Amino acid sequence: MTDPNALYPPAAALADEKVHPEAETALEAGTEAPPGAPQERDKPRSLTSDAWHDLRRNPIFIVSAVIIVVLVVMAAFPGVFTNKDPRFCDLNLSRQSPSADAWFGYDVQGCDVYARTIYGARASILVGLFTTLAVTIIGGLIGMIAGFYSGWVDSVLSRVLEIFFGIPLLLGGVLVLASFPSGPNTPQLVTVGKVVLALAVLAWTSLARIMRSTVIQVKHADYVSAARALGGGAARILRSHVLPNAVAPVIVYATIVFGIFIGVEATLSFLGIGLQPPVISWGVAINDASTYIRQSPHMLLFPGAFLTVTVLAFIMLGDAVRDAFDPRLR
Amino acid sequence: MATTDTYPSPEAAAAGHAPLLEVDDLQVEFRTRDGVAKAVNGVSYSLDEGETLAVLGESGSGKSVTALAVMGILDSPPGFVTGGAVRFRGQDLLSLPEDERRAYRGRNIAMVFQDALSALNPVFPVGWQIGEMFRVHEGMSKKDARGRVIELMERVRIPAARERVDDYPHQFSGGMRQRIMIAMAIALDPDVLIADEPTTALDVTVQAQIMELLRDLQRERKMGLILITHDLGVVADVADKISVMYAGRIMEKAVVGEIYARPSHPYTKGLLESIPRVDLKGQDLSAIRGLPPSLTRIPTGCEFHPRCPYAQDICREKRPALLEVVPGRFSACHFAQEVLDDSI
Amino acid sequence: MGRYTIRRVLQMIPVVIGTTLLIFVMVWALPGDPFAGKCGDRPCPPQYVAQMTEKFNLNEPWYVQYFLYMGNLLQGDFGETISGMSVADELARTYPTTAKLAALAIFFEIVIGIGAGVLAGLRKGGFIDNLVLLSTLFFIAIPIFVIGYVSQLVFGVQLGIFPVTVSSEATFYELLLPALVLASGTLAYVARVMRTNLVENLRSDYVRTATAKGLGRRRVVGIHTVRNSLIPVITLIGADFGALLGGAIVTEGIFNIGGVGGLIFRNIRLREGAMVTGAVTVLVLVFLLVNLFVDLFYAALDPRIRYD
């Protein structure tokens, strides 16, 4: 499991290609069509509409988007996928293999694995969603401030960034959560909230960096100087110039990191320090199943497969979005 | 077609031997997602010892691509040489297998590029990079190579060469870096030096110095120099003859002196007229209207006709061949004589 | 180079102070009961509370606490569990095994990761390239404990090639599978970054110059391109080392390895917060140190950084 802090700057890791420079000049040499030639490009297309146009045809995008939609539905309305009660457990059925009655078999406690796997989606999606939102907002704000108001503000914030950067995500998560343990009596919302908070506090740095460098780049652009000369205030410039430029890398990063957070949460739950019963989570299920891995692998494999597919879907989605937004592929 | 297009130098023609470098009806295309771009569409020129040929054109005219094809370093894919020949002392380089071809590179034909900062490897000292020529091609020892490198650096007038031999490219100024590239290129005394926009990225005063250096080196070593540029000013002092390129073809060939006073092609005329002149201060700047075409959709007939003030129907239908208008002057225009006359 | 080293070391100091302060705050100084979770499932016995309050000066203002805590850290005292076990002693006992595991994992990361990246980059668009791109995506996405259990199941239980768990001896052969599992995510990352860098560098102007100089392909790629491409990968390996340490907790837990990770793994289950926080703090400090070395190594390779 990789640290999202290592995701940036090697942001190019998941992207490819670059239009060949000579071909570029050859093609760039003017778009005015000679008289008599068919009119092809009638109106200018923006980067986002170009990106969307490409995305719609990308099979990876479609597949991962569909998977994610299904998962979100699963999280919101688990009843659609199963009518069994994930909390109804009969010890007599303990560790039984998959059958027509129970597609994924039963776990150690005799609970239906399929039902628990379906209901487990909710915890993962919620943690992923809230953590990503928190990281985007916190990181985005701090990055924007640091980039815009350079000078001592930037220096201080950059030092803070470095400090948080020094704590790897998983290790830090263990640290924080070990100090604020949850037990079977803690309300589910609190348990989930603790995990979200712990991860958000440690993972906002990468997004802050992305935002900060975007702001710095845009700040020095000529059109921003022009806007300032025309009397544009900070808020306006941030809104009209900085944000549109930041949208693409932020979306790409947020999508990928969503998947990574789900993975990290599952790992923490697996360790016994993240989500805990009574919260139903894939990580917890895998933890419980681990002692019987030899005898009853089904208890581990099904939640494991769901977890893997979920994380993969988000990362591949982010990959596809990045390729679509990469102007070098035009 | 060949005989009317090639322009052997009078000396070579008189001596009856093949020119030093001859490009004969070269065709290069780029196959990309957006279509096939014909970057070089039948280009021919020749070069002799001690001669300087200036290849003039805007971006996209194909002037750099031609040079890359001559060197054999075109990125393929997406670029492909689809026709023509490149002859060095009579030997067709395009027909040679790669390892034989490579023997010519650096040793007989060398190239200098535009942006020396990106053209030099940032993580190796400049001395090491120049020395590579000696160590790899001639098997020289590190010590001997180092000595030669310092000599070279002094020759291209890099001050304190001995102390700076182990410095890195980013520690030099733009002009110095260009000199380093030149030193690297002339290290093995090549017969032909191709300089692709060697001064475009430099300040005007530094430009002059670099051009002077190139001219000196050429005279000293009797190299043939191909100067690729879009800057008419640079050409005037240094070149013997000039070929003007547009949309992958040569539009006009001439000896340098005459082309400035009396261009015989509307494109050249347009270029000359678009140079701002002090004595015309206060008047509108004149520019060639329109834009260069996309090389995937080159206009029918004459490539320049959509922008040409002399254009008639025939220009849209029939592509003009490069023909001799006046002895020594070649132009690819149906109305070359009119253009010539208009300048008197 | 020397000046740069001193500069970096000096820069490190505030970061180390800041990080340890942050950890300290998170563990001991946030509002709430500082002893929650430090003594297993039960509330801490009063003597322990009294003893630790005395030892860590928990009645003093937080900056005094931090100062004294750092003092203890520097003297090698990382605290004690209620049973009186010294965290430092346990760490000393377990770190050699983890060091072996980590070294093996890094070795795989470098050799397989860089190797695969280079192969993929050289034959871009080919079969190997697509294979590498696809497989690395999987290994990055799949959480390490899933990879761990599946490999344990397949290679250990079913195919029997590797031992399912690692004995207290922790021989190299026993550590091979765990090291591969540990390295899987970071290795995949390294391969991708190496590939992308190589592809980009192969298109760069200086490679064109090198080819124009008449140098052969092998030299152009091997000497000119690889070195330039390696440099960012070095930074990546350093930054990812943190993930490696975190992953060690999981891997050592799954394969029952008696290293620092296993120590943390077991003590999480036992709710021995003191041991967990002490050991993790040490790991974070190790990470910072490793990053410092990686930075210096990077500067040694890329002259542009040094001469800033």
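Where chain A meets chain C, the contact takes 48 residues from chain A and 55 residues from chain C; two residues count as in contact if their C-beta atoms, placed from the backbone, lie within 7 Å. On the chain A side, the elements giving two or more residues are helix 5 (152-165), helix 6, helix 9 (234-271) and helix 11 (298-325). By class, that side has 31 nonpolar, 11 polar and six charged residues. Here Ala, Val, Leu, Ile, Met, Phe, Trp, Tyr, Cys and Pro count as nonpolar, Asp, Glu, Lys and Arg as charged, and the others, Gly among them, as polar.

A quick word on the source: this is a predicted model, in which local features need pLDDT of at least 70 and side-chain atom pairs count only at pLDDT 80 or more, while totals for chains, interfaces and linings use all residues. Residues are numbered from 1 along each chain as its sequence is written, with chains lettered from A and ligands numbered from 1 in the order in which they are written.

Back to chain A, which has 11 helices and zero strands. Helices (H or I, at least four residues) and strands (E, at least two) are DSSP runs, numbered from the N terminus. Among contacts in chain A with a separation of 6 or more, 74% are between residues 24 or more positions apart.

Helix 6 (residues 169-179) of chain A has 11 of its 11 residues buried, so it is largely enclosed by the rest of the structure. One of them is V174(A), which is also listed with V190(C) and I264(C) as having the most contacts inside the largest nonpolar core, a set of 158 residues. Such a core consists of buried Ala, Val, Leu, Ile, Met, Phe, Trp, Tyr and Cys residues joined through C-beta atoms within 7 Å. Neighbours within four places in sequence aside, V174(A) touches L271(A) and I273(A) in its own chain, plus I249(C), I264(C), V276(C) and V280(C). Apart from that core lies another, of 102 residues, including A116(B) and C308(B).

| Sheet in chain B | Strand order | Pairing |
|---|---|---|
| Four strands, open | 2-1-4-5 | antiparallel |
| Eight strands, open | 6-7-8-3-9-10-12-11 | mixed |

In the eight-stranded sheet of chain B, the edges are strand 6 (109-112) and strand 11 (323-326), each pairing on one side only. Strand 9 (residues 241-246) and strand 10 (residues 249-255) of chain B pair in the antiparallel sense over six bridges, with V244(B) opposite E252(B).

As for the four-stranded sheet of chain B, 10 bridges join strand 1 (residues 21-32) to strand 2 of chain B, and Q27(B) has N41(B) as its bridge partner.

Finally, T209(C) sits in helix 8 (residues 205-212) of chain C. It is buried, with 25 other C-beta atoms within 10 Å. Leaving out neighbours within four places in sequence, T209(C) is in contact with F113(B), A119(B) and L120(B). T209(C) and V220(C) are 11 residues apart in sequence and 9.7 Å apart in space, C-alpha to C-alpha.

Terms used
A residue is buried if 20 or more other C-beta atoms lie within 10 Å of its own, exposed if 12 or fewer, and partly exposed in between; C-beta atoms are placed from the backbone. Two strands pair if DSSP finds at least two bridges between them.
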